[in-house]
Amino acid sequence: MSDAAPDFDVLVIGAGFSGLYALHRLRQSGFRTRVLEKAENVGGTWFYNRYPGARCDIESIEYSYSFSEEIQQDWVWTETMPAQPEIEAYLNFVADRLDLRRDIQFSTEVVGMTFDEQAAAWTARTGVGESFTAPFVVAASGILSVPLEPDIPGMANFAGTSLFTSRWPKEGVDLTGKRVGVIGTGSSGVQLIPVVARDALQLSVFQRSPTYTLPWQVRPFEPGELDEMKARYGEIRAAQREHPIGAARLSAFSVLLDMLASPPLKAAPREDQLRAIDENGILGALNWSDIFFDIDANRMAAKLYGEAVARIVKDPETAASLVPDHPFACKRPIIDQGYYQTFNRDNVTLVDLRKSPIREVTTTGIRTENESHELDVIIYATGFDAMTGALSRIDVRGRDGRSLREFWASEGPLSYLGLAVAGFPNLFTIQGPGGPSPSSNFVAALEQHVEWISDCLEYLRANGIRTIEALATAQQEWIDHATSLVAATVLLHPSCNSWYNGGNVPGKKRMYMGYTGGIPEYRRRCDDIATAGYTGFKLA
Ligand code: FAD
Ligand code: NAP
């Protein structure tokens, strides 16, 4: 790096929910900020994941920014849980309202970042050879932003159309009259499958791991309902702020909290168990407190869940194939609008990959061990290299040229508070490993991160401090603490292969990557650390 003054005070990578708020907040604090965004527009998750059925699992009035009374009053949500187009439109509205675009450089991928210790500044390099310098970088690059492409032999040979839910074409895709195969039955697959089934001539669902779902009714707001809520938005936001998951209204996570307060399954007589599924279907099968802590209770619930599924799915073999064999709760809960009913349609077939794994993709479809499926379209709903994926795709070089990618690959996804990594000064991560996002409303979690980071930068500026770096000891203590919170739960069970623990990515070092103490407790800890002069960080 030359002796020239840095180009900016802060570089922000990404223009999704996190990057947009970071830009606004940092600008308000008087920092010269530039956002570098790979995509051609704002939105992040909601720019890319425009597959049919994509929608949020938190209510719109809570899955939205709380920092601006003007924005929350002016934006109009039409449904209880918004679909992708509405969330994308909302983020565009925010970008325009706050005049954010003038500081965002779109179609710009950061491919490398090097910290110059003498200059105490980062240089970020882009895919087209530009470089930008700034003392600080805020990685708002998303924790579910790097699609996981499966390594299935022959994928490139398919002569039909190959699609990823996580990179759905902007112009849409007409699946009418097509023979469609979907690989993947996580959250994206469960949302997509019922919608595709309505259009496609034939839908084959290639299922490796059956999933648990929470049936859900999404509905448009009644006339006046949104206005009534807006009139007491302050109250709604206050409740949300004090809630462990950052959403006080009904959500997939609030259902889990209700389960925690239910009686234990192991003590329940058979007639109580049956009554639970008589009254509440598959939700009744899961509504027991001990299933989070006792793997045997969890397995009992899976069996009961299978009985409830068999009441919906008419074909007994298909129903049996839909029963999960991993513990409930070790993956993010999935909301479902008619998922199991879809398997009663004449044009839908479940291909159980546990019985007959995929051997290859051919030019005309998918061949499993036992049979061939002729297809016009293959949709991959195969998930993400979560939490560490985006930063590991960038060649990040910290102190002494240390590589972040190599550090995380060899030591595991370590981070202090999910905000910073030892050895990488002046680099802040929004929703990094060990933060509360995985088990909460992401928007509530990321707002807290953005605010803590910008307050920290103001403190450094006010005190003439040039570098801040997490201490390795504090980092290890934090990760040990976060892990201890889930030690007694089924989340660490070896059969849990989830993005929560990296088990969904072949070869990734396994470690639980969330913080389950709740956002208010997390915020309190972060605030205490700041008030005490940033304990666990080295300031220089
Ligand atoms: P993102 O939205 O992922 O944005 C990151 C941005 O960084 C992207 O635009 C990306 O292009 C950019 N970027 C990454 N790397 C680079 C680079 N090297 N150079 C330049 N730019 C880069 N959360 C919930 O709480 N509730 C939900 O219902 C919910 N639904 C979801 C549905 C789907 C399909 C997915 C994938 C995620 C969902 N999430 C949900 C999580 C969601 O990711 C967050 O809620 C939120 O949108 C994250 O915002 P973000 O800005 O932190 O990250
Ligand atoms: P996911 O939950 O990781 O699911 C990926 C699916 O693909 C799994 O069923 C997986 O099977 C399967 N798969 C992967 N590779 C495969 C292969 N080679 N062969 C066969 N099957 C394969 O990913 P996701 O559905 O995209 O969801 C990720 C996260 O994004 C969610 O947990 C959630 O946080 C967020 N999200 C939220 C919503 C929402 O409700 N609002 C919607 C979409 C996404 P295995 O389980 O066997 O690996």
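Visitor: Which helix gives the most to the shell around ligand 1?
Guide: This is a predicted model. Two helices, α1 (17-28) and α2 (45-48), each supply at least two residues of that shell. The top contributor gives 3 residues, and that helix is α2.

Visitor: Which residues come nearest to ligand 1?
Guide: There are 34 residues around the ligand. By class they split into 15 nonpolar, 14 polar and 5 charged. The nearest are Ser18, Glu37, Thr45, Asp57 and Tyr63.

Visitor: How many Å separate an oxygen atom of ligand 1 from an N or O atom in the side chain of Glu37?
Guide: Polar contacts here must fall within 3.5 Å. A backbone N or O atom of Phe17 lies 3.1 Å from a ligand oxygen. For the side chain of Gln431 the value is 2.8 Å. For the side chain of Glu37 it is 2.6 Å.

Visitor: What share of the area of ligand 1 does the protein bury?
Guide: Start with the ligand taken alone. It exposes 980 Å². Of that, the protein buries 96%.

Visitor: Why is one side of β14 and of β16 left without a neighbour in the sheet?
Guide: The open sheet has 3 strands in the order β14-β15-β16, paired antiparallel. Neighbouring strands are turned by 20 degrees against each other on average, direction ignored. β14 (358-361) and β16 (372-374) stand at the edges, so each has a single partner strand.

Visitor: Which residue in β16 stands opposite Ile366?
Guide: Look at β15, residues 365-368. It pairs with β16 in the antiparallel sense over 3 bridges. Opposite Ile366 stands His373.

Notes: Residues are numbered from 1 along each chain as its sequence is written. Chains are lettered from A and ligands numbered from 1 in the order in which they are written. This is a predicted model: local features need pLDDT of at least 70, side-chain atom pairs count only at pLDDT 80 or more; totals for chains, interfaces and linings use all residues. Side-chain values use heavy atoms; hydrogens and water are left out. A residue is near a molecule or strand if one of its heavy atoms lies within 4 Å of it. A polar contact is a pair of N or O atoms within 3.5 Å; within protein, one must be able to donate a hydrogen and the other to accept it, and residues adjacent in sequence count only if both atoms are side-chain atoms. Accessible areas come from the Shrake-Rupley method with a 1.4 Å probe; for residues, only the protein chains shown count as cover. Helices (H or I, at least four residues) and strands (E, at least two) are DSSP runs, numbered from the N terminus. Ala, Val, Leu, Ile, Met, Phe, Trp, Tyr, Cys and Pro count as nonpolar, Asp, Glu, Lys and Arg as charged, and the others, Gly among them, as polar. Two strands pair if DSSP finds at least two bridges between them. Axes are lines fitted to C-alpha atoms, for helices over the stretch in contact, and angles run from 0 to 180 degrees between N-to-C directions.
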